[in-house]
Amino acid sequence: MLYYSSNKPFQHRIQHDIHHMKIIIFSVFTLFMVFCIQLVSGQTGFKNPIIKGFNPDPSICRVGDDFYLVTSSFEYFPGLPIYHSKDLINWEQIGHCLTRESQLKLHNAPSSNGLFAPSIRYHNGLFYVIGTNISDKGNFYCTAQNPAGPWSDPIWVDIKSIDPDIFWDEDGKSYFVTQGNEGIGVTEIELSSGKLLSDVKLVWAGTGGRFPEAPHLYRKDDYYYLLLGEGGTEYAHSASIGRSRSIWGPYESCPLNPILSHSNRMGQASPIQGVGHADFIQLADGSWWTVFLGFRVTQPYTYYHILGRETFLAPVSWPKNGWPQINGNGIIQLDMDVAPLPKQPFSDAAIRDDFDGEKINIHWQYLRNPEAINYSLTERTGYLRMQSSTTTLNEAKPLSFIGRRQTEHDFQASTALEFVSDKEHEEAGMTLFQTSSYHYDFFLRRKGKGYVVQLRAMVGSLNYIVSEKEISTNKVELKIKGTALEYQFGYIDAKNGAYITIGKIDTRYLSTEVAGGFTGVMIGLYSTSNGHKTKAHAFYDWFDYATN
C-alpha cells in the first residue's frame with residue numbers, strides 16, 4: 001500500500017503523457033488523412049484557365065449539381081460551343097448551340113465577325129442561349145430542353161446592340177439586357193415572340209471606362225446588381241458592378257470598382273492579362289464564383305498572345321447587403337489556392353483522331369458555313385476526304401477547312417496526308433490560322449513530275465514562301481511543334497521515313513497584337529486550288545494533337 005501510494009503521482013503523469021501523446025498522434029493522423037483526402041479529391045486548388053485556347057466571353061448557369069457554360073465563336077461553324085461540368089474546374093464540350101444553316105449564316109463573315117458574346121440561362125425547364133450574329137440579323141435567343149441540343153432556330157430581337165442577356169424578375173416579367181452605344185439598356189420582352197414590351201432604357205453607363213459591355217443582372221438582398229465589362233477587351237479590360245433598388249436604375253457604382261482587373265501595378269507582371277467580361281454563379285452551398293475571360297501572354301512583360309482569350313475561374317465573396325469582391329483583391333493567378341467542389345474530372349481527350357466516326361469530332365470547326373459535298377468520312381473508310389475548294393485561306397468565303405484550337409503554347413500537331421492532284425496551283429496541308437490575313441501554311445503541292453513540301457507565311461501584305469523541299473511522292477506526314485516563341489515545321493518522307501525540319505517562324509506574327517481580331521490560333525487542315533476549277537482532293541488518315 002505504501003509502495004502504491006508513493007508512486008501514484010508518477011502513474012498519473014505517465015497516464016496523462018500517454019493520453020496527451022494519443023491526442024497528438026490522433027491529430028497528426030487526422031491532419032494527414034485530411035491532406036490525403038484533399039489530395040485524392042483534388043481539394044488542393046485548381047489551375048487557370050479552366051477552358052483553354054480561344055474560348056472568350058464565357059457565361060454560365062447551374063441546374064442542380066450540373067454547370068453549363070457557353071463561349072463566343074465568331075466566324076466558325078458550328079457556333080457557340082456548350083460545355084458541361086460537375087465541379088467548375090473540369091469541363092467537357094457537349095455540343096454547339098447553332099449547328100444548322102437555318103440557325104447560323106456566316107457565308108461571307110470576315111475574320112472576327114459572326115457570333116459575339118453569348119449568355120446561357122435556365123428558366124422553367126428551358127435552357128436559353130442569348131447572343132448576337134453581327135453578320136446576320138443581330139440579337140437573338142435559342143431554347144433547348146437539353147443543353148447538348150438540339151436547339152431551336154433563333155428568335156430575333158429588334159435591338160441594334162451586342163452582348164445581350166435575359167433576366168427574369170420575381171414578378172414573372174422577362175427583361176432583355178444589352179449593350180448600347182452609351183451604356184447598358186434594359187427592356188421588357190415577350191419571350192414567346194421576341195417582341196419588345198417597352199422602350200429600351202439606358203440604366204447605367206458604367207464607371208467611365210470605354211466600351212461598357214457584357215451586362216449581366218442579378219437579384220440579391222433586395223438589390224438589382226448589374227455586372228459589366230469595361231476598358232475594351234485588351235490590356236485595360238476589367239469588370240465593374242453597380243446596384244439599384246429598381247431594375248430601371250439609377251445604379252450606384254461599387255466603391256471597389258473595378259472588382260476585376262490586371263491593368264494596375266498588382267497585375268502588371270502577371271502572365272494573365274486582359275481579364276474581364278465576367279458572369280457570376282451561386283453554388284448550392286450559397287457560395288459565389290465567377291467565370292471570365294483573360295489571355296495568357298507568352299511570358300511576363302512580353303505583351304503579345306496567340307492562344308486567344310480563354311475562360312478563367314475565381315471565387316467571389318459577397319456578404320449580405322454588401323458588394324462582391326473577386327478573389328479578395330481582383331487579381332487572379334494561374335495556380336489558385338482554393339477549390340470550389342470535389343473534383344469530378346472527365347476522361348482526357350484522345351491525342352489521335354482517326355477520322356473513323358460518322359461525324360467529325362466535336363472539337364473541329366469549319367471556317368464559315370461548310371459546303372457538305374467537300375467533306376466525306378465514308379468515301380475511304382478511316383480517312384477524311386476533303387475536296388479542294390477554289391476559295392483560299394485569304395478570302396472571307398466558305399472554303400475547304402476544318403480547325404481546332406491551339407490550347408497551349410507547347411504542343412505538337414501532325415497529320416498523314418495523301419494529296420490527289422495534277423496541277424501545280426493546287427495544294428493541301430496544315431495551317432496555323434489567326435485571321436485571313438495572318439496565317440502560316442504548311443502544305444504539299446505538285447511541282448513538275450514530283451511534289452514539293454512548302455512553308456508559307458501570310459503576314460498582312462507580306463505573302464512569301466519561307467522554305468521548300470522536293471519529295472517524290474504524294475504522301476507525307478506533316479508535323480508542327482510549338483513553343484511560346486516559335487513554331488517549327490517538319491515532315492516525314494513516306495519513302496525513307498526520315499524527319500526533316502523545313503523551317504521555323506516566330507509566333508508573334510500570329511498574335512492578336514499583330515493580327516488584330518478577337519479569336520486565337522486554330523490548327524487547321526485545308527485544301528484549295530487557289531481560284532481554279534479543280535478535281536483535286538486530299539485524304540487525311542489521322543490527326544494528332546498533344547500538349548506538354
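A residue is buried under 20% relative accessible area, exposed over 50%, and partly exposed in between. Asn 321 has 41% relative accessibility, so Asn 321 counts as partly exposed. This is a predicted model. Asn 321 sits in the loop between β23 (310-317) and β24 (325-326). Its phi is near 60°, a positive value in a residue other than glycine.

Asp 222 also has a positive phi, near 65°. Asp 222 belongs to the loop between β16 (213-220) and β17 (223-230). At 55% relative accessibility, Asp 222 counts as exposed. Most residues other than glycine have a negative phi, and most peptide bonds are trans.

## Cis peptide bonds

What kind of peptide bond joins Asn 48 and Pro 49? The bond is cis, with omega about -5°. Pro 49 lies in the loop between β1 (46-47) and β2 (59-63).

A cis peptide bond also joins Gly 249 and Pro 250, with omega about 0°. Pro 250 is in the loop between β18 (238-244) and β19 (252-253).

## The whole protein

The protein has two helices and 40 strands. Its C-alpha atoms fill a box of roughly 110 × 75 × 45 Å along the principal axes. Of the 548 residues, 56% are buried. Take contacts between residues at least 6 apart in sequence: 58% of them join residues at least 24 apart.

The accessible surface is about 23,600 Å². Carbon and sulfur atoms hold 52% of that surface. There are 48 positive and 56 negative side chains. The centres of these two sets lie 3 Å apart.

## Salt bridges

How many salt bridges does the protein have? The count comes to 23. One of them joins Asp 335 and Lys 47, with the closest N and O atoms 2.5 Å apart. Asp 335 lies in strand β25 (residues 335-336) and Lys 47 in strand β1, so this pair ties together parts 288 residues apart in sequence. Asp 335 is partly exposed, at 48% relative accessibility. Lys 47 is exposed, with a relative accessible area of 57%.

Asp 221 forms a salt bridge with Lys 220, at 2.7 Å between the closest N and O atoms. Asp 221 is partly exposed at 22% relative accessibility, while Lys 220 is buried at 12%. Another salt bridge links Glu 427 and Arg 456, at 2.6 Å from N to O. Glu 427 is in strand β32 and Arg 456 in strand β34 (residues 450-459), so the pair ties together parts 29 residues apart in sequence. Glu 427 is buried at 3% relative accessibility. Arg 456 is buried too, at 15%. Salt bridges that share partners also join Lys 52, Arg 296, Glu 310 and Glu 408 into one network.

Asp 163 is part of strand β11 (residues 162-168). Asp 163 is buried yet has no salt bridge. Which side chain of opposite charge is nearest to Asp 163? That is Arg 309, 8.3 Å away. The Asp 163 side chain does reach the backbone nitrogen of Ala 214, at 3.1 Å. Beyond residues up to four places away in sequence, Asp 163 touches several others, including Thr 132, Thr 178, Gln 179 and His 277.

Arg 445 lies in strand β33 (residues 438-447). Arg 445 is buried and has no salt bridge. Its nearest side chain of opposite charge is Glu 424, 4.1 Å away. The Arg 445 side chain makes a polar contact with the side chain of Gln 454, at 3.1 Å. Leaving aside neighbours within four places in sequence, the contacts of Arg 445 include Phe 419, Glu 424, Glu 427 and Tyr 451.

## A buried serine

Ser 421 is in the loop between β31 (411-420) and β32 (427-435). Is Ser 421 buried or exposed? Ser 421 is buried, with a relative accessible area of 9%. The side chain of Ser 421 makes a polar contact with the side chain of Glu 426, at 2.5 Å.

Setting aside neighbours within four places in sequence, Ser 421 is in contact with Glu 426, Arg 446, Tyr 451 and Ala 536. Ser 421 and Leu 444 are 23 residues apart in sequence. Their C-alpha atoms are 9.9 Å apart in space.

How values were computed: Residues numbered from 1 in each chain as written. Predicted model: local features only at pLDDT ≥ 70, side-chain atom pairs only at ≥ 80, totals over all residues. Heavy atoms only, no water. Helix = DSSP H or I, 4+ residues; strand = E, 2+ residues; numbered from the N terminus. Buried < 20%, exposed > 50% of the residue type's maximum accessible area, 1.4 Å probe, protein only. Lys, Arg positive; Asp, Glu negative; His and termini not counted. Salt bridge = Lys/Arg side-chain N within 4 Å of Asp/Glu carboxyl O. Polar contact = N/O pair within 3.5 Å; in protein donor to acceptor, adjacent residues only side chain to side chain. Contact = heavy atoms within 4.5 Å. Areas by Shrake-Rupley, 256 points an atom, 1.4 Å probe, with all protein chains shown as cover. Charge placed at Lys NZ, Arg CZ, Asp CG, Glu CD.
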